[in-house]
Amino acid sequence: MEDASFIFGVIGNIISILMFLSPVPTFWKIIKQKSTEDFSSLPYICTLLNCSLWTYYGTIKPGEYLVATVNGFGILVEIIYIILFLIYAQKSIRVRTAILAVILDVVIFAAAVATTLLALQGDGRSGAVGVMGAGLNIVMYSSPLSVMKTVVTTKSVEYMPFLLSFFFFLNGGVWLLYAVLVRDVILGVPNGTGFLLGAMQLGLYCIYRNGGRKVSEKRLEEGMQHEPLISQPNNQSHQREHWAT
């Protein structure tokens with residue numbers, strides 16, 4: 001049983017690293033297009049707070065250095081994602097993202113560290129941080145729900161990255177198995193939630209995977225129907241100047 005839990009723990013760490021790296025294609029697209037379009041920053045902000053809490057947990061609980069190392073890597077990756085989002089997002093979205101990041105990733109994390117350091121000791125401190133980390137895991141896994149609503153509304157999965165959804169599903173499933181093997185309810189509940197939400201996201205992919213192409217074709221047809229017979233160079237020049245500013 002111990003060997004099985006160790007194996008699933010190692011696999012879980014590998015999958016966690018892959019999950020942290022899964023949004024790379026999304027941000028490469030953002031960099032190339034110089035726009036965040038309809039992508040949401042909430043999953044990355046929530047994941048940063050989650051990694052910060054689990055890194056703190058790994059440093060205060062003996063024998064959990066692997067947890068601290070993996071989530072420390074996650075902190076670095078998520079900070080890079082958020083910086084890129086702030087660079088390429090529209091001004092209004094940039095402001096909201098910055099405010100949300102400060103509240104969740106700075107204020108709440110600092111409050112959690114200060115409270116547990118001052119009020120708790122030993123196992124009580126690590127247990128409290130573990131509970132907070134479990135709660136944040138649920139928030140992290142639930143963060144794509146707003147994007148899922150967009151998928152249903154637009155009937156397109158263009159703005160719900162497949163790799164992130166896939167690794168949420170895989171990560172939640174592996175850590176759920178690990179939690180069952182070690183009989184850890186606190187670890188099992190959030191990862192079971194992640195497993196179910198990941199399965200729901202993959203289900204939406206199966207339903208709407210061709211939706212983006214159909215929407216684009218529909219827009220193209222509508223554009224061709226409303227295209228003027230005589231071009232208007234002055235208006236087009238004005239539009240180019242508008243988008244350039």
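How many aromatic pairs does the structure hold? I found six. For a pair I took rings of Phe, Tyr and Trp (its six-membered ring) with centres within 6.5 Å; planes under 30 degrees apart are stacked, over 60 edge-to-face, and the rest tilted.

Notes on the source. This is a predicted model, where local features need pLDDT of at least 70 and side-chain atom pairs count only at pLDDT 80 or more, while totals for chains, interfaces and linings use all residues. Residues are numbered from 1 along each chain as its sequence is written, and side-chain values use heavy atoms, with hydrogens and water left out.

Entry: the aromatic pairs. I looked up Phe-166 and Phe-167, and they pair edge-to-face, at 5.3 Å centre to centre with 70° between the planes. Next came Phe-169 and Phe-195, a stacked pair at 4.9 Å centre to centre and 20° between the planes. Phe-169 sits in helix α8 (residues 162-182) and Phe-195 in helix α9 (residues 185-208), so this pair ties together parts that are 26 residues apart in sequence. Helices here are DSSP runs (H or I, at least four residues), numbered from the N terminus.

My cut-offs are buried under 20% relative accessible area, exposed over 50%, and partly exposed in between (1.4 Å probe, protein chains only). Phe-166 is partly exposed at 30%, whereas Phe-167 is buried at 11%.

Entry: Ser-52. Is Ser-52 buried or exposed? Its relative accessible area is 9%, so I put Ser-52 down as buried. I find Ser-52 in helix α3 (residues 42-60). Its side chain reaches the backbone oxygen of Leu-48 at 2.8 Å. Leaving aside residues up to four places away in sequence, Ser-52 touches Ile-75 and Phe-109, where contact means heavy atoms within 4.5 Å.

Entry: helix α5. I traced α5 over residues 91-119, which is 29 residues. From first C-alpha to last, α5 reaches 40 Å, close to the 42 Å expected at 1.5 Å a residue; the expected span is 1.5 Å times one less than the number of residues. Where does α5 bend? I get about 25° at Ile-103, as the angle between axes fitted to the seven residues ending there and the seven starting there. For α5, I listed Thr-97, Ala-101, Leu-104, Asp-105, Ala-112, Val-113 and Thr-116 as the buried residues.

Methods:
Helix = DSSP H or I, 4+ residues; strand = E, 2+ residues; numbered from the N terminus. Polar contact = N/O pair within 3.5 Å; in protein donor to acceptor, adjacent residues only side chain to side chain.
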